[in-house]
Each structure stands twice: as structure tokens, then as C-alpha cells.
Amino acid sequence: MREKQAYNLLFVCWIIAMIASLGSLFFSSIMNFVPCTLCWYQRICMYPLVLIFLTALIRFEKSVFYYSSSLIAIGWFISLYHNLVQLKIIPEEASPCVQGVPCAMKYINWLGFITIPMLSFFAFSILLSLMYLFYRRFVNEK
Amino acid sequence: MKNKTIIIGGSALFLICLFLIGGYFFKKSEINKYSEEVEKNRQKLLTEFAPLYGNKDAKVEIVEFLDPECETCRNFYPAVKKLIAEFDGKVKLFVRYAPFHKNSIQAIQILEAARMQNKYWQTLEFFFQKQPEWGSHQKPQPELLWTYLPKLGLDVERIRQDMNHPQVINQIETDMKDLKTFNIKATPTFFVNGKPLPTFGYGPLREAVKKAVEEAY
């Protein structure tokens, strides 16, 4: 039962990484939105997670926590920063993207607050929480 | 274990199919919307000063937005010529400009001045042929363009005067304005009898021309 719960948790993580990766590819290659610099950094953190979680699922390895958490944490921080830029809490000038697509530019705005970096933030936050839960329940059992 | 494999594989397949099918329908609706947009401005697609290649009475007209400094335009050029030859007298080409590179405008001005000496196509072909030299991305050398002109038998002095002719400037400005009208962001962009291609490529271009010829003749 416990094993099954751990497995299901990993499965959900993999699905989230899949949706986030395919979704970002949909925006860039189908809808032709050019990704800005910060988007690229978040993509670098998100894309490997698909394969890392997939391998962990097939081999059922709980140690995946150690491999995935650094990517998730870095991605989460970048997406937090990106959202602060978009919400104008951090000024655009302070962001590293001066050339090409400005990071403060909003391609989509669903329901008045859901932008692409916000979707990324949701994905990384969910992954971060699930991995924390995973760690507490299945890795560091006390 | 077998169950798990099915679930993982099934989920992956489902998400990827969702992506592909969603992408297909999204692109299709985009191209439909775009076609309507082009149809509304159809009369702007042709200008009286666009260079014409082929039989002027041909019923099928290709409008190509090209850039003399663009590599893909260079690669497409022989194929487009072959296509027009293949449908012997039934297809013509109008060239319009999309100056997306740094030295495109200068090259276009020279080309238009060469047209006044009736050497347009030879010059365009030569510019395409020598494009890796004068239009290299690492080290463009637009001054090389001038060294080609005597080889083509052009009067260089007259080119220098004609390239700033108000008609040439007007033509380039009109083309650049229409890049916005038709939302053109890449070269070459083709329109066959006023219709954009469903996807970019030589195959789709040939397909569209073939269909238009069948409809017109």
C-alpha cells in the first residue's frame, strides 16, 4: 500500500513535468511565441524532469528525490523571479533579458492573472510540494 | 508490472497525441484566419512595379516576398524557376521585397537600378550565386556587390544614379508597408493566386501551383 502511494506520487510528478514540457513546446513551436531568456532557464530545469521521473517510475527508485530536487528548486526560484518581473515588483531593467524578447512581455493573460511564467510557477510549486511530501513520507522515514 | 507499463506508455501516448492533434487544429485555424485576412487585402498583393518573371498572360500568379540576402530565398530560386518552366506559360512570378537583413535594401536598390538596364534577372541570379561572399552572416561585405556589376555588363555610373530614383524608394517603402499588412515575418513567403501556403516548403508550393493551374485551365 505504502509502495503504491509512493509510486502514484511519482507518477503524478511525471505527468506534471510532461504537461509543462509539452505545453511550453506548444507555445513556442505551434503558437510561435519566442521564449525569453528566463523562460529558457526554466525549460532547462523542466525538460530533464520528464526523463528523470520516467526512469524513476520504471525502476521505482525513491532516490529520485535527490536527483530531481535540485532541478525543481532552481526552476522554482527562476520562475518566482520571472513572476516578480512580470508583476513589476522587480523592475525590468534589473532582469537579464535586455535583447530579444523582454521577459516582462505577456503573451497570454487568462482570467487576468494566468501568464506563462505563472503556469511555470504553478508547475514547479506543485512538484516542489509533492517532492517534499515524498521525502517526508517515503525517503526520510522516522 | 505489465499494468504499470501500459499506464505509463498510455499516458505518454495520450499527452503526445493531444499535443499533435491540438497543434494540427490550432495551425489549421490560424491559416484559415490568415487566408481571410489576405483575401481582404488581396488587391494590395500586386503592385504595378513588382518585377515579373514568365508569361505576362499566365492565369496563375505566384507572389514571392524575397530578400536577396536570405539563404533560403537563394536555395528556393532555382526551384521556383523550374516550377514556372514546368507549367510552360501558365504560371508567372511577381517579386516583392522583404528586406530583413542588414544590407538587403542596398542590394534591392542596385537590383532595381539594374532592371532599368534590362538586366534584372541576371543580376538577381548573380547576387544569389555570390551571396555567401557578400552576404555572409559572420562578415558581410556589401561593397563586393559593386564589383559584380561590370561583369554583368552594367553601367555602374547609371546604377549609382538610378538606385535612388524616387520610384525605387517608393517601391521599397510600399513593399515594407505591405510586410505589415500581410504579417510577413519570414522569407521567402509565397502567395499563389492570392492564397498563402498551408505550410512552408517546396512541396506545398508546387502542390498549390498545380491546383491553381488545374482550376484555371
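The numbered points below begin with the basis of the model and then take up the strand and the interface.

1. This is a predicted model, in which local features need pLDDT of at least 70 and side-chain atom pairs count only at pLDDT 80 or more, while totals for chains, interfaces and linings use all residues. Residues are numbered from 1 along each chain as its sequence is written, chains are lettered from A in the order in which they are written, and side-chain values use heavy atoms, without hydrogens and water.

2. Strand E3 of chain B covers residues 91-97, strands being DSSP runs (E, at least two residues) and helices likewise (H or I, at least four), numbered from the N terminus. Seven of the seven residues in E3(B) are buried, that is, under 20% relative accessible area with a 1.4 Å probe and protein chains only. In a regular strand the side chains alternate between the two faces of the sheet. Here one side carries Val91(B), Leu93(B), Val95(B) and Tyr97(B), the other Lys92(B), Phe94(B) and Arg96(B), and all are buried.

3. Strand E1(B), residues 52-54, runs antiparallel to E3(B) and is joined to it by three bridges, whereas E2(B), residues 60-66, runs parallel to E3(B) with seven bridges; two strands pair if DSSP finds at least two bridges between them.

4. Turning to the interface, 16 residues of chain A are in contact (heavy atoms within 4.5 Å) with 13 residues of chain B. Across this interface the rule finds zero salt bridges, meaning a side-chain nitrogen of Lys or Arg within 4 Å of a carboxyl oxygen of Asp or Glu.

Terms used: Buried < 20%, exposed > 50% of the residue type's maximum accessible area, 1.4 Å probe, protein only.
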